[in-house]
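Here are my notes for you, point by point. Keep the model open while you read, and look up each place as you reach it.

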Amino acid sequence: MASNEFTILAPGSPGVMGWAGRSGQLAGTGLGTQCVHGGAAPDPAYGAVAAPIYETSTFALLDICTSAGFEYTRSGNPTRARLEEAIALLEGGCGAICTSSGMSAVLAVISLLEHGSHVLCPMDCYGGTFRTLEHARRVHGLETTFLDMTDPEAVRAAIQPNTRLIWAETPSNPLLRLLDLAALARVAQRQDILLAVDNTFLSPVLQRPLDWGADLVFHSTTKYLNGHSDVVGGAVVAAQGRRDLLQRLATLNMSLGTSQSPHDCALVLRGLKTLHLRMRAHESNARALAGFLAAHPAVAKVNYPGLPGHPQHALALRQQTGFGAMLSFELKDGSPASVRKVLRALRWFTLAESLGGVESLVAQPASMSHASMTAEMRERIGIRDGLIRLSVGIEDQADLIEDLRQALES
Ligand code: PLP
C-alpha cells in the first residue's frame, strides 16, 4: 500500500485504536494476559508494539516547569514506568519501584525505617539480606532479631515496642522452609508493623503475598521475573491502599540513586512476557527431579515443598499456586570430596550463584550465597557443607534427570 493512502497523525495522538486505557482493562484478566500485556500498551509516540527503550539521562522540558511527564532518568523514565506498572499488576499492588539490584531494593525498604527501629527477619534469610541488615545495625542504628519465623507465635513474642518491620522470605533460601503469610500478617497488623515479603523464589505466578495481607512485596528481578540471567535488578510493590509507602519508596529510589537503568528494565519487561509459561515448565521439571532425588540411595534428604513428606506441604498447598523450581538436597556422604565430585560431574547444571534463569544451576550454599554467615550460624540453621541447591531450568526433563543420575553415581 502506498504511504500516501495513510493518514498520518502527529506523534502522541491520543486514543488511537483504543491504546489509551488498555492497562486499566487488565485488572480482571488472567495471569498469562497480564504477563504479556502488563505495561505493554503500544508506544503513544509511534505505536511501537515492543516497549521502546528510552535510553536517555534527561528529558527536554516543554516550557519552564512543564514536562511531558519525565525530567531526569534517576527520578523517572518511561521504560522503567512500564516495568513498574507490569510488576505491580502481577502482584496486585498499587504500584512499584524498580531498582538496580535486589539488594538496592532491600536498602530502599529498610530506609523507610527511623533510626533505632527494630526488624524481625528469618534466621535463614538470603545471605545478602543478612549482610545488609547487619551493616544497618552497625552503622545506621537499626536493631535486628534473626529468628525461626515458621512459628508465628515466636514472631509475636519477639516483637518489641520499637519493632517496625517484619521481613519474610518464603520459601527460604536454600532450605525451602515456608512461612505462614496470613498468620504473619495478623501479627503485623495487630501492632501496626510493616510486613514485607521476599517473593523471589516463586514469583507472582505461584504466590501473591499481598493477597495474604502483606504491605510490601520484594523481588530480586534478577531471578524468575527476568528469567534469562542477563540482568541484575530489584523491585518493591506496595499493597493497594498503601500509596503512602509507594510514594516514600519512589522518593527513596530517586534520592538513594538506586533506580534501574532503562535498558535493564526493557530486558525484564521482555522476560515478564513468558513468566507464566516459564514458571510452569520450571516447576514441572523440579517436581520430577525432587521425586528422583528422594528415591536415590546416595541422597539423605530433599528439601522441596512439593514432596508430600515436606513438613509444610499442606501450607504450600494452601498459600501457593505451585511449588516452584528451587530445591536443595543433602548427600549421605557430605564430605567436601564427595560434594566436589558430584558438582564437577554435572553437565547441565552449571556451578554458579543466582537462580531463576532458563538454564539449570547448582550451588553449594555454605561456600557461596551463605558464606557471609558464620559457620556456627549456618550449622544452627542447618546449612551444612553437604547441602546442594538446584535452580531447575527448563531443559528437557529426561536430560536433567540423567545428568543428576550420572553425577550421583560418578
Ligand atoms: N533475595 C533472594 C531470595 C535472593 O536469592 C537474592 C539473590 O540471590 C536477593 C534477594 C538479592 O538480589 P540481587 O542479587 O538481585 O541483588
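1. Start with Asp192: this residue follows H6 and has a positive phi, near 60°. Helices (H or I, at least four residues) and strands (E, at least two) are DSSP runs, numbered from the N terminus. Before you go on, remember that this is a predicted model, where local features need pLDDT of at least 70 and side-chain atom pairs count only at pLDDT 80 or more, while totals for chains, interfaces and linings use all residues. Residues are numbered from 1 along each chain as its sequence is written, and side-chain values use heavy atoms, with hydrogens and water left out.

2. Now look at helix H6 itself, residues 181-190. It's mostly covered, with seven of its 10 residues buried (under 20% relative accessible area; exposed is over 50%, partly exposed in between, with a 1.4 Å probe and protein chains only). Those buried residues are Leu181, Ala182, Ala183, Leu184, Ala185, Val187 and Ala188. They pack against helix H5 (152-158), strand S4 (163-169), strand S5 (194-198) and helix H11 (313-319). At the start of H6, the backbone nitrogen of Ala182 has a side-chain oxygen of Asp180 within 3.3 Å.

3. Next, find where helix H2 (residues 78-91) meets helix H9 (residues 262-272): their axes come within 8 Å and cross at roughly 35°. (Axes are lines fitted to C-alpha atoms, for helices over the stretch in contact, and angles run from 0 to 180 degrees between N-to-C directions.) On the H2 side, the residues in contact (heavy atoms within 4.5 Å) include Leu83, Ala86 and Ile87, and on the H9 side they include Cys265, Val268 and Leu269.

4. Which residues does Thr221 touch, leaving aside neighbours within four places in sequence? Its partners are Ile87, Asn226, Gly233, Gly234, Ala235, Gln260 and Val268. Thr221 lies in the loop between S6 and S7, and counts as buried because its relative accessible area is 0%.

5. Asn226 lies in the loop between strand S6 (216-220) and strand S7 (234-239). Is this residue buried or exposed? Asn226 is buried, at 1% relative accessibility. Not counting residues up to four places away in sequence, Asn226 touches Thr221, Val231, Leu267, Val268, Gly271 and Arg278.

Notes. Polar contact = N/O pair within 3.5 Å; in protein donor to acceptor, adjacent residues only side chain to side chain.
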